Amino acid sequence: MPPSTPESKYRSISRIQRVLNSVTRRLPTQTVLETTGRVSGVPRRTPLGGRRIGDTFWLVSEFGELSHYVRNIKANPEVRVRIMGRWHTGTAHLLPDDDPRARLRTLPRFNSAAVKTMGSNLLTVRVDLRD
């Protein structure tokens, strides 16, 4: 069996997530990040976990810059986040110098455990909300 690489782990897990995400992003209480496709320009919605603290939404990407939504943020940091059924606009910031494992300890436990288990290249993302 070939050695596992972050890219192969990402491909395996993303296949499963594509199926699950098509269902979970429709749930009204699911937190969803909407980015703009870097190539298509079309809105892309990704269900995820994180926590709002004041006017800031924090999350940790389990695959860092391999994640499509992270690549979309790099191309256009203007995003929307649906929290408890309400959409908020904001600007996303990738924080490679932040300690993502420490950050996960401040976020919801269930999602944090999943990110730690599946992740191979953790990256903290901060979204400064405007409304």
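What share of the 131 residues of the chain count as buried? In this predicted model, the answer is 39%.

## Overall composition

The secondary structure consists of four helices and seven strands.

Contacts between residues 24 or more positions apart make up 68% of the chain's contacts with a separation of 6 or more. The accessible surface of the chain is about 7600 Å², and carbon and sulfur atoms contribute 55% of that area.

## The sheet

Seven strands make up an open sheet, arranged in the order β2-β1-β5-β6-β7-β4-β3 with antiparallel pairing. The edge positions are held by β2 (43-47) and β3 (51-53); each has a single partner strand, so one side of each has no neighbour in the sheet. From one strand to the next, the twist averages 35°.

Helix α2 packs on this sheet and touches β1 (32-36), β2, β4, β5, β6 (86-95) and β7. The direction of α2 makes about 50° with that of β1.

Strand β4 is largely enclosed by the rest of the structure, because six of its six residues are buried. In a regular strand, side chains alternate between the two faces of the sheet. In β4, Thr56, Trp58 and Val60 lie on one side, while Phe57, Leu59 and Ser61 lie on the other, and all of these residues are buried.

On one pairing, β4 is joined to β7 by six bridges, and the two strands run antiparallel. Within this pair, Phe57 has Val127 as its bridge partner, and Leu59 has Val125. The pairing of β3 with β4 is also antiparallel and extends over three bridges. Here Arg52 stands opposite Phe57. The two strands β3 and β4 form a hairpin with two residues between them, and Gly54 in the turn has a positive phi of about 65°.

## Nonpolar cores

The largest nonpolar core contains 15 residues. Those with the most contacts inside this core are Leu33, Phe57, Tyr69, Ile73, Val81 and Val127. Two or more residues of the core come from each of β4 (56-61), α2 (68-75), β5 (78-83) and β7 (123-129). Strand β7 gives the largest share, four residues. Another core, of seven residues, lies apart from this one and includes Leu95, Leu104, Val115 and Leu122.

In soluble globular proteins, nonpolar side chains tend to be buried together.

Glu34 belongs to strand β1. Is Glu34 buried or exposed? With a relative accessible area of 11%, Glu34 falls under the 20% limit and therefore counts as buried.

The side chain of Glu34 makes a polar contact, at 2.7 Å, with the side chain of Arg45. When residues up to four places away in sequence are not counted, Glu34 touches Pro43, Arg44, Arg45, Val79, Arg80 and Trp87.

Definitions and conventions. Residues are numbered from 1 along each chain as its sequence is written. This is a predicted model: local features need pLDDT of at least 70, side-chain atom pairs count only at pLDDT 80 or more; totals for chains, interfaces and linings use all residues. Side-chain values use heavy atoms; hydrogens and water are left out. A nonpolar core is a set of buried Ala, Val, Leu, Ile, Met, Phe, Trp, Tyr and Cys residues joined through side-chain atoms within 4.5 Å. Buried means under 20% relative accessible area, exposed over 50%, partly exposed in between (1.4 Å probe, protein chains only). Contact means heavy atoms within 4.5 Å. Accessible areas come from the Shrake-Rupley method with a 1.4 Å probe; for residues, only the protein chains shown count as cover. Two strands pair if DSSP finds at least two bridges between them. Axes are lines fitted to C-alpha atoms, for helices over the stretch in contact, and angles run from 0 to 180 degrees between N-to-C directions. A polar contact is a pair of N or O atoms within 3.5 Å; within protein, one must be able to donate a hydrogen and the other to accept it, and residues adjacent in sequence count only if both atoms are side-chain atoms.
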